[in-house]
Amino acid sequence: MAPGTEGTTLSLQVARDDLRRVRVAETSPAGPGPGEALFRVERFGVSANNVTYALLGDRLRYWDLFPAETGWGQIPVWGYLRAVASRSGEVEPGRRAFGLCPMSTRVLMRPDRGDAAGFRDASAARSAVSGVYNAYFWADGDSPGSRIGDLLVVLHPLFWLSFTLDSYLAENGRLTSGAVITSASSKAAIGLAHLLRGRGVPTVGLTSPRHVSFVKQTSEYGAVAGYDQLGAPRRAHRIPDNPDRRRRRPCPAPGDPRSAGRPAHVGACGRQHPRRRQPGSRRRGGRRRGRLVFRSAADP
Ligand SMILES: NC(=O)c1ccc[n+]([C@@H]2O[C@H](COP(=O)([O-])OP(=O)(O)OC[C@H]3O[C@@H](n4cnc5c(N)ncnc54)[C@H](OP(=O)(O)O)[C@@H]3O)[C@@H](O)[C@H]2O)c1
């Protein structure tokens, strides 16, 4: 038996039809086969983003990343992995990488297309998953467990979203009157506020009453308010959960007189906030859903 392959692998799994049901599964995987490498999961971070992965596990194929027994799923998390045994020409034992891993002590992968930046996992189960989730970056110099290593493990994957949103708004936004960002205490939102601040765009962060003081302390937003300080949202400003099933009319374009007072760019980037029904209203769509929205208000 190759060094590093002995013993059992423990993995935290959830029931795919009820995420509150959790178990620890124990397996004794064979060592890596030709072309494969076995990695020890050194450290991973957890945030609301991983909840989205689980909620959208079927639709966006997140369950395919680390397959489990029928009915069970391994929620992907971002973290550090170290190769403990390898029969792949792309990865030498001892190397450390950063990327998606299961909540597990070890994971077997099929490294491919290795270069100076990292490699891709070419395991058959992951072939239909978006390429961004199959990429691993060398992280030999990082120190998981150090202060900076711990910050990186939670901030690194969320800053991609912050950067993408900022880049979109820089190219398409008319943000002279600023941006309103909900879930302002989230890492993704703080990253976006930081980038907008760097470009001189005024921001308002909206957050839960219990997070107001934390969000203010970040000093990333021009102003911060609790959701309880807002009036009831006008129906015309509500954001559809799923753009594919949008039933309301799209927002008028900026400059159209009908757009006065409405946000010009609205993005829903995750699914956490539970939808609240108005008293007396009928439940639509059956299942209770959540969402997390980023909202940018352009020129009125
Ligand atoms: N589309 C993409 O590519 C992409 C990429 C990365 C992240 N995301 C999404 O961006 C969102 C933020 O992720 P994050 O990791 O930055 O979040 P996070 O740091 O873990 O922050 C979570 C925040 O969400 C709000 N929230 C509302 N309901 C919640 C609930 N039931 N449980 C937990 N939090 C709840 C709270 O903010 P307030 O109190 O301020 O409301 C909370 O502080 C997630 O929905 C994630 O899926 C999307």
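Colleague: Which strands does helix 2 lie across, and at what angle to strand 5 does helix 2 run?

Modeller: Helix 2 lies across strand 3 and strand 5, at about 115° to strand 5. Axes are lines fitted to C-alpha atoms, for helices over the stretch in contact, and angles run from 0 to 180 degrees between N-to-C directions. Contact means C-beta atoms, placed from the backbone, within 7 Å. Helices (H or I, at least four residues) and strands (E, at least two) are DSSP runs, numbered from the N terminus. This is a predicted model: local features need pLDDT of at least 70, side-chain atom pairs count only at pLDDT 80 or more, and totals for chains, interfaces and linings use all residues. Residues are numbered from 1 along each chain as its sequence is written.

Colleague: Where is the kink in helix 2?

Modeller: A bend at a residue is the angle between axes fitted to the seven residues ending there and the seven starting there. Here the kink is about 40°, at Leu155, shortly before the proline Pro157.

Colleague: Which residues of helix 2 are buried?

Modeller: Buried means 20 or more other C-beta atoms within 10 Å of the residue's own; exposed means 12 or fewer; partly exposed is in between, with C-beta atoms placed from the backbone. In helix 2 the buried residues include Leu152, Val153, Pro157, Leu158 and Leu161.

Colleague: Which residues touch the most other members of the largest nonpolar core?

Modeller: Nonpolar side chains tend to be buried together in soluble globular proteins. A nonpolar core is a set of buried Ala, Val, Leu, Ile, Met, Phe, Trp, Tyr and Cys residues joined through C-beta atoms within 7 Å. The largest one has 30 residues, and Ala37, Phe39, Phe44, Leu81, Cys101 and Val107 touch the most other members. Strand 5 gives the largest share of this core, six residues.

Colleague: What is the strand order in the open sheet of seven strands?

Modeller: Strands pair if DSSP finds at least two bridges between them. The order is 7-3-5-6-10-9-8, with antiparallel pairing. Strand 7 and strand 8 (111–112) each have a single partner strand, so one side of each lacks a neighbour in the sheet. Strand 5 and strand 6 run antiparallel, joined by six bridges. Tyr80 stands opposite Phe98 in strand 6.

Colleague: Is Ser183 buried or exposed?

Modeller: Ser183 has 26 C-beta neighbours inside 10 Å, so Ser183 counts as buried. Its phi is near 50°, a positive value in a residue other than glycine. Ser183 lies in the loop between strand 11 (179–181) and helix 3 (187–198).

Conventions: Contact = placed C-beta atoms within 7 Å.
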